[in-house]
Amino acid sequence: AWILHNDTLIQEEELAISKEDRGYQFGDGIYEVIRIYEGNLFTAKEHIDRFYASAEKIKIVIPYTKDVLHKLLYDLVEQNEINNGQVYVQITRGDAMRQHHFPQETSPVMVAYTKTVERPKEMMEAGVHGTFIEDMRWLRCDIKSLNLLGNVMAKQEAHEAGSYEAILHRGEVVTEGSSSNMYGIKNGILYTHPATNLILNGITRSVILDLCRNLGIEVQETAFTKEQALEMDEFFMSSTTAEIMPIVRIDGQEIGNGSPGEATRKLQQAFEANLKLTVKM
Ligand code: PLP
């Protein structure tokens, strides 16, 4: 398959990354995952904006304009003839002799690749299980950093408990998932953690909040506790890959009546209609 190396499309076998790439040694870089629906990059502008914003927060200067990157990613998708899938793109601070502080001369290293991924339709229909895990990550979760050890450890623990996702909490307060945002609906009001430094401000989250406005669902960007989570009428998570995924049990306890709720269904339908509108078929 073709992959993107900096601003050049190459065959993936040709890729060489240094043993001292700072992404490899320190997780010193940032990334994005963008969904491809019918050959189009969904909410590409928003993902590219966040890619640049994350880079800026860790003082990596991306040596291309947003438009150039957008074009490069499209070319990659087209070359690989991906219809439904995703593109992964990351940029690291680059190759330098191992020392913690930034090297004097930095040339960032960017890599992007595509893969075919189907929409998780059956799980979205039936709902999944979640497990509460203490959020032990750092305090800059707003950066889409390559450092995912906290997320990886949490997901593994949830996985071992037979769950699809870890529902992270700092003390009693639910923050987000290990790779998703979390929402509860109580008496018709949707609650989700505000977009602070404690969560990644999901692109799917922004889409959902817009959909709520269109559907007349009241939104409160207010954090809720574990206890409140268990008392919600409906519960779901969102991400680029999982879209709007109902969570029907947390730590084995049923949420609502134990099946995906009505408002969640409405949001899923609106999300799907939105895809059809935005995707050039
Ligand atoms: N929160 C975390 C920690 C994530 O890793 C992700 C995405 O993978 C999200 C939230 C959801 O963000 P998005 O909707 O932009 O995929």
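Thr43 is found in the loop between strand E4 (40–41) and helix H2. Helices (H or I, at least four residues) and strands (E, at least two) are DSSP runs, numbered from the N terminus. Thr43 has a positive phi of about 45 degrees, although it is not a glycine. Most residues other than glycine have a negative phi. Thr43 counts as partly exposed because 18 other C-beta atoms lie within 10 Å. The cut-offs are these: buried means 20 or more other C-beta atoms within 10 Å of the residue's own, exposed means 12 or fewer, and partly exposed lies in between, with C-beta atoms placed from the backbone.

This is a predicted model; local features need pLDDT of at least 70, side-chain atom pairs count only at pLDDT 80 or more, and totals for chains, interfaces and linings use all residues. Residues are numbered from 1 along each chain as its sequence is written.

**Domains**

- The domain assignment of the protein chain gives domain 1 (2–117) and domain 2 (122–278). Such bounds come from an automatic or database domain assignment.
- The C-alpha centres of domain 1 and domain 2 lie 26 Å apart.
- Across the boundary, 21 residues of domain 1 are in contact with twelve residues of domain 2. Contact means that the C-beta atoms of two residues, placed from the backbone, lie within 7 Å.
- On the side of domain 1 that touches domain 2, strand E3 (29–37), helix H2 (44–57) and strand E5 (85–92) are the elements that give two or more residues.
- E3 gives the most to this side, with eight residues.
- By class, this side of domain 1 has eight nonpolar, eight polar and five charged residues. Ala, Val, Leu, Ile, Met, Phe, Trp, Tyr, Cys and Pro count as nonpolar, Asp, Glu, Lys and Arg as charged, and the others, Gly among them, as polar.

**The six-stranded sheet**

- An open sheet of six strands runs in the order E2-E1-E6-E5-E3-E4, with antiparallel pairing. Two strands pair if DSSP finds at least two bridges between them.
- E2 and E4 stand at the edges with a single partner strand each, so one side of each is left without a neighbour in the sheet.
- Strand E1 (residues 2–5) pairs with strand E2 (residues 8–11) in the antiparallel sense over four bridges.
- Leu4 has Leu9 in E2 as its bridge partner.
- The hairpin of E1 and E2 has two residues between the strands, and Asn6 there takes a positive phi near 50 degrees.
- E5 pairs with strand E6 (residues 109–116), again in the antiparallel sense, over eight bridges. Ile91 stands opposite Met110 in E6.

**Around the ligand**

- Of the 14 residues around the ligand, Leu200, Gly202, Ile203, Thr204 and Thr240 come nearest. A residue is near a molecule or strand if its C-beta atom, placed from the backbone, lies within 6 Å of it.
- Helix H6 (203–215) and strand E13 (234–239) are the elements that give two or more residues to this shell.
- H6 provides the largest share of the shell, three residues.
- The shell has three nonpolar, nine polar and two charged residues.

**Helix H6**

- H6 has 13 residues and reaches 18 Å from its first C-alpha to its last, close to the 18 Å expected at 1.5 Å a residue. The expected span is 1.5 Å times one less than the number of residues.
- Buried residues in H6 are Ile203, Thr204, Arg205, Val207, Ile208, Leu211 and Cys212.
- An α-helix has 3.6 residues a turn, so residues three or four places apart point the same way.
- Gly216 follows H6 and has a positive phi, near 75 degrees.

**Single residues to check**

- Glu243 lies in strand E14 (residues 243–250). Its phi is near 55 degrees, a positive value in a residue other than glycine. Glu243 counts as buried because it has 24 C-beta neighbours inside 10 Å.
- Tyr64 lies in the loop between H2 and helix H3 (66–79). With 16 C-beta neighbours inside 10 Å, Tyr64 counts as partly exposed.
- Leaving aside its neighbours within four places in sequence, Tyr64 is in contact with Asp7 and Leu69. Tyr64 and Asp7 are 57 residues apart in sequence but 8.2 Å apart in space, C-alpha to C-alpha.
- Asn147 is found in the loop between strand E7 (128–134) and helix H5 (149–160). Asn147 is partly exposed, with 18 C-beta neighbours inside 10 Å.
- Asn147 and Gly23 are 124 residues apart in sequence and 8.7 Å apart in space, C-alpha to C-alpha.
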